[in-house]
Amino acid sequence: MVQERTLPQFQASPAQLSSEAGLTLYEDMILGRFFEDKCAEMYYRGKMFGFVHLYNGQEAVSTGVIKSLRADDYVCSTYRDHVHALSAGVPAQNVMAELFGKETGCSRGRGGSMHLFSQEHNLLGGFAFIGEGIPVALGAAFQSRYRKDALGDASADQVTACFFGDGTTNNGQFFECLNMAALWKLPILFVVENNKWAIGMAHERATSQPEIYKKASVFGMPGVEVDGMDVMAVRSVAQEAVARARAGEGPTLLECLTYRFRGHSLADPDELRSKAEKEEWLARDPIKRFEAYLLEHNLADEGTLKAIRDRIQTHIDDALTFAEGSPEPKPDDLYKYIFADD
Amino acid sequence: MAETLLFNALREAIDEEMGRDETVFVLGEDVGHYGGSYKVTKDLYDKYGELRVLDTPIAENSFTGMAVGAAMTGLRPIIEGMNMGFLLLAFNQIANNAGMLRYTSGGNFKIPMVIRGPGGVGRQLGAEHSQRLEAYFQAVPGLKIVACSTPYNAKGLLKSAIRDNNPVLFFEHVLLYNLKEDLPNHEYLVPLDKAEIVRSGKDVTILTYSRMRHHVTQAVKGLEKNGFDPEVIDLISLKPIDFETIGVSIRKTHRVIIVEECMKTGGIGAEIVASINDRFFDELDAPVVRLSSQDIPTPYNGKLESLTIVQPKQIEAAVEAMVGLKV
């Protein structure tokens, strides 16, 4: 096992977080975790198909970043997109229905696990191939700047958060888009979820400079390394980056050091990651850690947290019932949605 | 009426649409300060500013994906491919994102964008700059593909493409930019999905597009002298193909020759032959003939290059052979 990087320390003062805000973050992370656990259960019971990439372990990143955005900001994800969609406000029942291929799914059953979309929630996808979402996110950020500076719309200060993994940072689109974002000062956050593994390719075996945040410097862009298992730390750097983007000061590269608690997808036998490595990261479970923080700083009591967990579990069960009971797309609609205005 | 060069007809189309709709913008390599490699966007940068005529770094797949994202969020980008061959670098963004995303999103997003630029075999430009990519892209769901061939249709089609709510690949030909034609002073649009009957006739239907339309027109002059009466149809839309117009013609002539500049294998003509067999087999008096480019990388040598593409004499010979074959 490669020597672990030392995680950056984050000094959180309790004054930074109200009880209400803390519970919102907690609920969002629980929603992500419980949703994914239900997906695994359904997949193994043969009710869900295709490639399903779960997010367990990385919840602090989705919650910390997306809960720092406004509802009219944009989110762009990858194939590991369920939890980004949930954090962005896409109802769990519509995400679950999509995974069941139903007409009530957020992509009307045409997309599936890796192609979640919601125009209503400014979720730009769901992109199944490595790196292809980055230019699309860049386009949304360009659009904000275009409206503001070419069309003079002062209200066009929307920010785009673009998520991708460590493996993607060796792809040309990453570098090309960092260049253009910095060149044109676009309001975008490049959020790297460095979970150390691109399926079976260890990050250190794939890149000449494993510290991804340092790659921002050659574009004159702020690059920040953050403990991706600490929602408070992620939220703190995300808020700063969002404020800078919204003020027209350009993009930020956030490298969130995190870990996936399951294989690359549910089809991955996960044979290459060592037991010791997994245990080391499981001990940093972002949800347990945030629970301890909330309790220690008297922002919540165990009863409140349990009530949230119970409520979310019921919510997920309801989402499942909704998905299972929803109709499939009509065969007559096979050709629908190929072209606009059809 | 004003005599207009084809590249200026395209420029007028872009200028008029940018003036009409502030969400329309141009992006690509050297479209701004330089005015476009064939001057299609000349001086538009001065008029509309650098965000609306955006000079991009040389990063085809990323700026193409950026246009997809801009289109998803309400803008109407026009990408200029400095040479359409460069779009091979953006194949993923054109196919997976521009083409398929509306469907995979279940109709959540529409992608109104135009990707335009020069393709085709020019004058000894070498293999990579002489490509005809229309056949590569025709299998991608969700794309519309158009090829212009005259200043009149170039202008009217580009305006329609810009107003269309879907991704449109708009092929121009590197050797047609200096064609001249008197264009109407009033605004006009040409529909994207309609073939154009270039010459009405009864002996044989010649289906063609882009520069080969002009090779066909040249061949027709010789054919007319020898008493042949071919019908010439410029396909205009390469996806979807206007089989309605083609069908009417086949019911009249019962013979078809396809003249195309793309390669024979997996070409536009190959698709048309298959579809004609599906739809109009009983109307045919002879097997459909395809005149296509050779299946080779376009050679640099001028003589070899001219042997690579279809020449007017070959078209004349094909018509004479087919129509002479009385049944």
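User: What makes helix H1 (residues 6–20) and helix H7 (residues 151–163) of chain B roughly parallel to each other?

Analyst: This is a predicted model, and in it the axes of H1(B) and H7(B) lie 8 Å apart at an angle of about 30°. Angles under 35 degrees count as roughly parallel, so H1(B) and H7(B) get that label. The crossing of H1(B) past H7(B) is right-handed.

User: Which residues meet in that pair?

Analyst: From H1(B) you have B:Leu6, B:Ala9, B:Leu10, B:Glu12, B:Ala13, B:Ile14, B:Glu16, B:Glu17 and B:Arg20. From H7(B) come B:Pro151, B:Ala154, B:Lys155, B:Leu158, B:Lys159, B:Ile162 and B:Arg163. Sorted by class, the contact of H1(B) with H7(B) has nine nonpolar, seven charged and no polar residues.

User: Why are H3(B) and H4(B) called roughly parallel?

Analyst: Helix H3 (residues 60–72) and helix H4 (residues 91–99) of chain B cross at roughly 15°, and their axes come within 9 Å. The cut-off is under 35 degrees, and H3(B) and H4(B) are therefore roughly parallel. H3(B) also passes H4(B) in a right-handed crossing.

User: What is the contact between H3(B) and H4(B) made of?

Analyst: H3(B) puts in B:Asn61, B:Thr64, B:Gly65 and B:Val68, while H4(B) brings B:Gln93, B:Ile94, B:Asn97 and B:Ala98. That makes five polar, three nonpolar and no charged residues.

User: What makes something a cavity, and how many does the search find?

Analyst: In a cavity the 1.4 Å probe fits but cannot get out, whereas a pocket is an open set. Searching the whole structure turns up four cavities of 30 Å³ or more. The largest cavity has a volume of about 110 Å³. Its lining includes A:Gln3, A:Arg5, A:His203, A:Pro210 and A:Trp281, and by class the lining of the largest cavity has four nonpolar, four polar and four charged residues.

User: What lines the second largest cavity?

Analyst: The second largest cavity holds about 80 Å³ of space. Among its lining residues are B:Gly119, B:Arg132, B:Phe171, B:Glu172, B:His173 and B:Glu261. Strand S7 (residues 168–173) of chain B gives the largest share of that lining, three residues.

User: And where is the centre of the largest pocket, in terms of residues?

Analyst: A:Tyr79, A:Arg80, A:Ile130, A:Gly165 and A:His264 lie nearest the centre, out of 20 lining residues. The largest pocket has about 320 Å³ of space. Strand S2 (160–165) and strand S4 (197–198) of chain A each supply at least two residues of the lining, which divides into nine nonpolar, eight polar and three charged.

User: Which peptide bonds are cis, and where do they sit?

Analyst: One of them joins A:Gly125 and A:Gly126, with omega about 25°; A:Gly126 is in the loop between helix H4 (92–99) and helix H5 (133–150) of chain A. Another runs from B:Lys239 to B:Pro240, with omega near 0°. B:Pro240 lies in the loop between strand S12 (237–239) and helix H9 (243–253) of chain B.

User: What makes the phi of B:Gln124 worth a look?

Analyst: Most residues other than glycine have a negative phi. B:Gln124 is a residue other than glycine with a positive value, near 55°. B:Gln124 is in the loop between strand S5 (114–119) and helix H6 (134–137) of chain B.

Methods: Residues numbered from 1 in each chain as written. Chains lettered and ligands numbered in written order. Predicted model: local features only at pLDDT ≥ 70, side-chain atom pairs only at ≥ 80, totals over all residues. Heavy atoms only, no water. 1 Å grid on protein atoms, 1.4 Å probe; cavity = no way out; pocket = protein on both sides within 12 Å on 5 of 7 lines; lining within 4 Å. Points joined across faces, edges and corners; volume = space filled by probe spheres on them. Helix = DSSP H or I, 4+ residues; strand = E, 2+ residues; numbered from the N terminus. Nonpolar A, V, L, I, M, F, W, Y, C, P; charged D, E, K, R; others polar. Axes fitted to C-alpha atoms, helices over the stretch in contact; angles between N-to-C directions. Parallel < 35°, antiparallel > 145°, perpendicular 65-115°, else oblique. Left-handed = near helix turned anticlockwise from the far one by under 90°. Contact = heavy atoms within 4.5 Å.
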